[in-house]
Amino acid sequence: MATSTVPEDLVQDLKKAREKLGKLKVPDIEEIRQLKKPHPLVVKVLESVLILTGRERCCEESCWDDALRFMDDPNFLKTVIEFTPEQVDPQAIPKLASSMSDPKFNSEAVSRVSLVCDYLVQW
């Protein structure tokens, strides 16, 4: 059995985030999908999910259309919940730099805008 190179504290954080995501239902995701003008933090969260899962296509200005398509996938939650840190393409990390360095891109700020996106940020 291969050993994980992911630090134990991050493994535990991921486990907690997956538990929260596991409580979400289709109507929770649909609520996000119905946003006509999503808050910039909502867009940034979904862009980050697209990047991490290797699904980003644009992310030049806004990946909202790609995010909508991904969230429309009946397996969206399952895909995110089952995604492991080992699956992250190392080339994705630099693409996340601007989000990760943004002081407004954190669980506290995102939770004020969307609980669903807060769970995704914690993931």
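In this predicted model, H3 and H9 cross with left-handed geometry. Their axes come within 10 Å and cross at roughly 40°. Angles of 65 to 115 degrees count as roughly perpendicular and those under 35 as roughly parallel, and H3 and H9 are therefore oblique to each other. H3 also packs against H4, and H3 supplies part of the lining of the largest pocket.

**H3 with H9**

- On the H3 side, the contact is made by Val42, Val45, Leu46 and Val49.
- On the H9 side, Cys117, Leu120 and Val121 take part.
- The residues of this contact of H3 with H9 divide into seven nonpolar, no polar and no charged.

**H3 with H4**

- The axes of H3 and H4 are 9 Å apart, and the packing angle is about 65°.
- An angle from 65 to 115 degrees counts as roughly perpendicular, and H3 and H4 are therefore roughly perpendicular to each other.
- The crossing of H3 and H4 is left-handed.
- H3 contributes Val42, Val43, Leu46, Val49 and Leu50 to the contact, while H4 contributes Trp64, Asp66, Ala67, Phe70 and Met71.
- By residue class, the contact of H3 with H4 holds nine nonpolar residues, no polar and one charged.

**Largest pocket**

- The volume of the largest pocket is about 710 Å³.
- Its lining consists of 20 residues, and those nearest the centre are Leu52, Met100, Val121, Gln122 and Trp123.
- Helix H1 (8-22), helix H3 (40-52) and helix H9 (115-122) each give at least two residues to the lining of the largest pocket.
- H3 provides the largest share of that lining, with four residues.
- The lining of the largest pocket comprises 16 nonpolar residues, three polar and one charged.

**Second largest pocket**

- About 150 Å³ is the volume of the second largest pocket.
- Lining residues of the second largest pocket include Val26, Ile29, Glu30 and Arg33, along with Met71, Asp72, Asp73, Pro74, Asn75, Phe76, Leu77 and Lys78.
- Two or more lining residues come from each of helix H2 (26-33), helix H4 (64-72) and helix H5 (76-82).
- H2 gives the largest share of the lining of the second largest pocket, four residues.
- The lining of the second largest pocket divides into six nonpolar residues, one polar and five charged.
- Met71 belongs to this lining and is also one of the H4 residues in the contact with H3.

Terms used. Residues are numbered from 1 along each chain as its sequence is written. This is a predicted model: local features need pLDDT of at least 70, side-chain atom pairs count only at pLDDT 80 or more; totals for chains, interfaces and linings use all residues. Side-chain values use heavy atoms; hydrogens and water are left out. On a 1 Å grid over the protein atoms alone, a cavity is a set of points where a 1.4 Å probe fits but cannot get out, and a pocket is an open set with protein on both sides within 12 Å along at least five of seven lines; lining residues have an atom within 4 Å of a point. Grid points are joined across faces, edges and corners, and a volume is the space filled by probe spheres set on the points. Ala, Val, Leu, Ile, Met, Phe, Trp, Tyr, Cys and Pro count as nonpolar, Asp, Glu, Lys and Arg as charged, and the others, Gly among them, as polar. Axes are lines fitted to C-alpha atoms, for helices over the stretch in contact, and angles run from 0 to 180 degrees between N-to-C directions. Angles under 35 degrees count as roughly parallel, over 145 as roughly antiparallel, 65 to 115 as roughly perpendicular and the rest as oblique. A crossing is left-handed if the near helix is turned anticlockwise from the far one by less than a right angle, and right-handed if clockwise. Contact means heavy atoms within 4.5 Å.
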